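User: Please take a close look at one part of this model, the sheet and what surrounds it. I would like one connected account with the cut-offs given where they apply.

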2 protein chains.
Amino acid sequence: MSRSPGRKQENHKISRELFVLTYGALVAQLCKDYEKDEDVNACLDRMGYSIGIRLIDDFLARSAVKKCRSYSETADVIAQVAFKMYLGVTPSVSCSSATGNEFSLILDKNPLVDFVEELPAERASLCYCNLLCGVIRGALEMVHLAAEVSFLQDRLKGDAVTEIGITFLRKPEDRKHRRN
Amino acid sequence: MSRSPGRKQENHKISRELFVLTYGALVAQLCKDYEKDEDVNACLDRMGYSIGIRLIDDFLARSAVKKCRSYSETADVIAQVAFKMYLGVTPSVSCSSATGNEFSLILDKNPLVDFVEELPAERASLCYCNLLCGVIRGALEMVHLAAEVSFLQDRLKGDAVTEIGITFLRKPEDRKHRRN
């Protein structure tokens, strides 16, 4: 028998291809289970949410990120730390509203679709990567940030880039603070 | 807008926790879809097989592994290169037959069950990680090695370790060569 690795040698880094193919198997299974794209999208979002509320602890422990002081800083951390850590890519971030609570994460290349050529014609409304929206929403909720997260553009649907929109929902206290 | 990463900066390494949680969502969905554990196990194996036959190209390209000259070398490559690359762990390998075609990969720690406490009582026959058996089987088939792959022990079921058994199926030509 060859040597057995000790716990200290444990390495959290992996190549992403097995993940990407496993995610594809998950989406394919949901497409078997649900006839309507909307139902697949909603299911992926729900699954992602459940993942996000668990993943946040791992993220905070591993990243050693401090509390963000603004929505803009939060969006940057999601793009530059979280995406890098879990998907190996760094989207660019743009602020898409004058009110400063809407952001876009723009992916030139989306690793989750590495093995996907195109959506089948009968699945034109599928948000293939909708799990990611749920993950972001769930993780943000656990740090007391309510947000709406959805795909605004998708290269799988012929758009030039893939764009995830994050709208931070202002809390009543925020408004009060602002008035003071 | 912050800078957009060029393709050359692309990094295939990711933290495995998002993968592990996504895999959990897949298994949970299959448990909703199929009443019998055997059906879930078979489905995971089939999915894994489809993944393995695609993943092998990525593996060969990335690992630069040369053609193996024996079953023993093949088992070592699976444990020390493939598991390390895609799951971040290195199982120990033991040869479990005098005929030299049966091997065990022994995992002290199985990262795929990081977030799983125990199997629910009504899912006692579930092979939670059966996808891995299919992946190994599919990948081996693509390099012309027929094999049976299955879980022999599973810590999730109370065993001391998790053990994946690989039995290489000898080809008729092998036997002929041996006679000559």
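Analyst: What follows treats the sheet, its helices, the rings next to it and a loop that leaves it.

This is a predicted model, in which local features need pLDDT of at least 70 and side-chain atom pairs count only at pLDDT 80 or more, while totals for chains, interfaces and linings use all residues. Residues are numbered from 1 along each chain as its sequence is written, chains are lettered from A and ligands numbered from 1 in the order in which they are written, and side-chain values use heavy atoms, with hydrogens and water left out.

In chain A, four strands form an open sheet in the order β2-β3-β5-β4, with antiparallel pairing. Its edge strands are β2 (92–95) and β4 (147–153) of chain A, each of which pairs on one side only. From one strand to the next the twist averages 25 degrees. Two strands are taken to pair if DSSP finds at least two bridges between them; helices (H or I, at least four residues) and strands (E, at least two) are DSSP runs, numbered from the N terminus.

Within β5(A), I164(A) is the residue opposite F151(A).

Two helices lie across this sheet. Helix α4(A) lies across β3, β4 and β5 of chain A, at about 155 degrees to β4(A). The axes behind these angles are lines fitted to C-alpha atoms, for helices over the stretch in contact, and angles run from 0 to 180 degrees between N-to-C directions. Contact here means heavy atoms within 4.5 Å.

Rings of Phe, Tyr and Trp (its six-membered ring) pair if their centres lie within 6.5 Å, with planes under 30 degrees apart counted as stacked, over 60 as edge-to-face and the rest as tilted. By this rule there are nine aromatic pairs over all chains. One of them is the stacked pair of Y71(A) and F168(A), at 4.6 Å centre to centre and 5 degrees between the planes. Because Y71(A) lies in helix α3 of chain A and F168(A) in strand β5 of chain A, the pair ties together parts that are 97 residues apart in sequence. Y71(A) is buried at 14% relative accessibility, and F168(A) is buried at 0%. Buried means under 20% relative accessible area, exposed over 50% and partly exposed in between (1.4 Å probe, protein chains only). Y71(A), F168(A) and F103(A) form one aromatic cluster.

The loop between β3 (102–107) and α4 (130–142) of chain A holds N110(A). N110(A) is buried, its relative accessible area being 5%. A polar atom of the N110(A) side chain lies 3.0 Å from the backbone nitrogen of L112(A). Leaving aside residues up to four places away in sequence, N110(A) touches C129(A) and T162(A).

Chain B can be read alongside. There, too, an open sheet of four strands has the order β2-β3-β5-β4, with antiparallel pairing. Since β2 (92–95) and β4 (147–153) of chain B stand at the edges with a single partner strand each, one side of each is left without a neighbour in the sheet. Strand β3 (residues 102–107) of chain B is joined to strand β5 (residues 162–168) of chain B by six bridges, and the two run antiparallel. L107(B) has T162(B) in β5(B) as its bridge partner.

In chain B the loop between β3 and α4 contains D114(B). D114(B) counts as partly exposed, at 31% relative accessibility. Its contacts, not counting residues up to four places away in sequence, are with R16(B), V20(B) and K109(B). With K109(B) there is a polar contact from side chain to side chain at 2.6 Å. A polar contact is a pair of N or O atoms within 3.5 Å; within protein, one must be able to donate a hydrogen and the other to accept it, and residues adjacent in sequence count only if both atoms are side-chain atoms.

Finally, the two chains. Chain A is superposed on chain B by a rotation of 180 degrees with 0.0 Å of shift along its axis (RMSD 0.0 Å). That is the relation of a two-fold axis.

Notes
Copies are superposed by least squares on the C-alpha atoms of residues with pLDDT of at least 70 in both.
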